[in-house]
Amino acid sequence: MAFECREKIKVINQNQFHEIDYLVMGQVYEIHNELGRFCNEDIYQTQLSILCKNIGLKVEKEIPIHIIYKNFRKTYFLDLVVENSIIYELKTVEKLNEFHQNQLINYLLLTNVRHGKLINFTPLSVEYKFVSTSLDFQSRKRFSINNKNFEDRDSESAMLLNILTELLNNWGVFLDINLYNEALVFFLGGSEKVIHSVDIYVDKKR
């Protein structure tokens, strides 16, 4: 199996998402009012987990997702999963940005669910962003590779293309680019072998 998660996360529709999220956000605002905006992220995570459980919601925190291919293995951790269906990523930053959104999209794709939410406790008012995707695992495995301009110069070039093709066939497309890059470096012999300095010349000057 390409992805392993200890919890079976289920797909829900948008109405179900908003019903659960309404309850969760009530606890978020209560925490923000009581604790303020300068606590560590783990404090907000723990308190939100407790309050959501107190109102009858099922909550799991720091759920690991293992991404596996042959002897490569990488683990991500989901901040909170509520009712086995919604992923919440909690932040304590000045402002949510594209990196945070891409991180959550990656988690949604890995767990094959549709809806998640970013919550930032640091601003004066709670900042949040809905994140969703219509892609599922099967649709992410429908792709084609255009390698007509690929130069197969040596065995290592062929190995690179072969490994990348295998990863895409196994994991699908649209995941975090750093995940594919990390796996490629691993299978090509590690950063010591793959990543090194090269000379750059401008107008024949080094």
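Q: Hi! Before we dig in, what kind of model is this and how are the residues numbered?
A: It's a predicted model, where local features need pLDDT of at least 70 and side-chain atom pairs count only at pLDDT 80 or more, while totals for chains, interfaces and linings use all residues. Residues are numbered from 1 along each chain as its sequence is written, and side-chain values use heavy atoms, with hydrogens and water left out.

Q: Great. How many helices and strands are in the chain?
A: The chain has 7 helices and 6 strands. Here helices (H or I, at least four residues) and strands (E, at least two) are DSSP runs, numbered from the N terminus. Along the sequence the pattern reads β-α-α-β-β-β-α-β-β-α-α-α-α.

Q: And what are the overall dimensions?
A: The C-alpha trace spans about 60 × 40 × 25 Å along its principal axes.

Q: How much of the chain is buried?
A: 43% of the 206 residues count as buried. Buried means under 20% relative accessible area, exposed means over 50%, and partly exposed is in between (1.4 Å probe, protein chains only).

Q: Now the sheet. What's the strand order?
A: It's an open sheet of 6 strands in the order β1-β2-β3-β4-β5-β6, with mixed pairing. Two strands pair if DSSP finds at least two bridges between them. The edge strands, each pairing on one side only, are β1 (3–5) and β6 (127–132). From one strand to the next the twist averages 35°.

Q: Are β4 and β5 parallel or antiparallel?
A: Parallel: β4 (residues 86–91) and β5 (residues 115–120) pair over 5 bridges. Within that pairing, L90 stands opposite I119 in β5.

Q: Is β4 buried or exposed?
A: It's mostly covered, with 6 of its 6 residues buried. I86, Y88 and L90 are on one side, and I87, E89 and K91 are on the other. In a regular strand the side chains alternate between the two faces of the sheet.

Q: Which helices lie across the sheet strands?
A: Among them is α2 (residues 41–54), which lies across β2, β3 and β4 and runs at about 115° to β2. Another is α6, lying across β2 and β3 at about 155° to β3. Axes are lines fitted to C-alpha atoms, for helices over the stretch in contact, and angles run from 0 to 180 degrees between N-to-C directions.

Q: Which residues of α6 are buried?
A: L179, Y180, A183, L184, V185 and F187. Their cover includes β2, β3, α5 and α7 (191–194). Just after α6, G189 takes a positive phi of about 115°.

Q: Switching to packing: which residues touch the most other members of the largest nonpolar core?
A: I67, L78, I87, L167, W171 and L175, out of 33 residues in that core. A nonpolar core is a set of buried Ala, Val, Leu, Ile, Met, Phe, Trp, Tyr and Cys residues joined through side-chain atoms within 4.5 Å. Elements that each supply at least two residues include β2 (59–69), β3 (72–82) and α5 (155–171). There's also a second, separate core of 21 residues, which includes V24, L90, F121 and V126.

Q: What does I67 contact?
A: Leaving aside neighbours within four places in sequence, I67 is in contact with A2, F3, F72, R73, K74, Y76, L110, W171 and L179. Contact means heavy atoms within 4.5 Å.

Q: How many aromatic pairs are there?
A: The structure holds 11. Rings of Phe, Tyr and Trp (its six-membered ring) pair if their centres lie within 6.5 Å; planes under 30 degrees apart count as stacked, over 60 as edge-to-face and the rest as tilted.

Q: Why is the Y128 and F130 pair called edge-to-face?
A: Because the planes of the two rings are at 75°, with the centres 5.9 Å apart.
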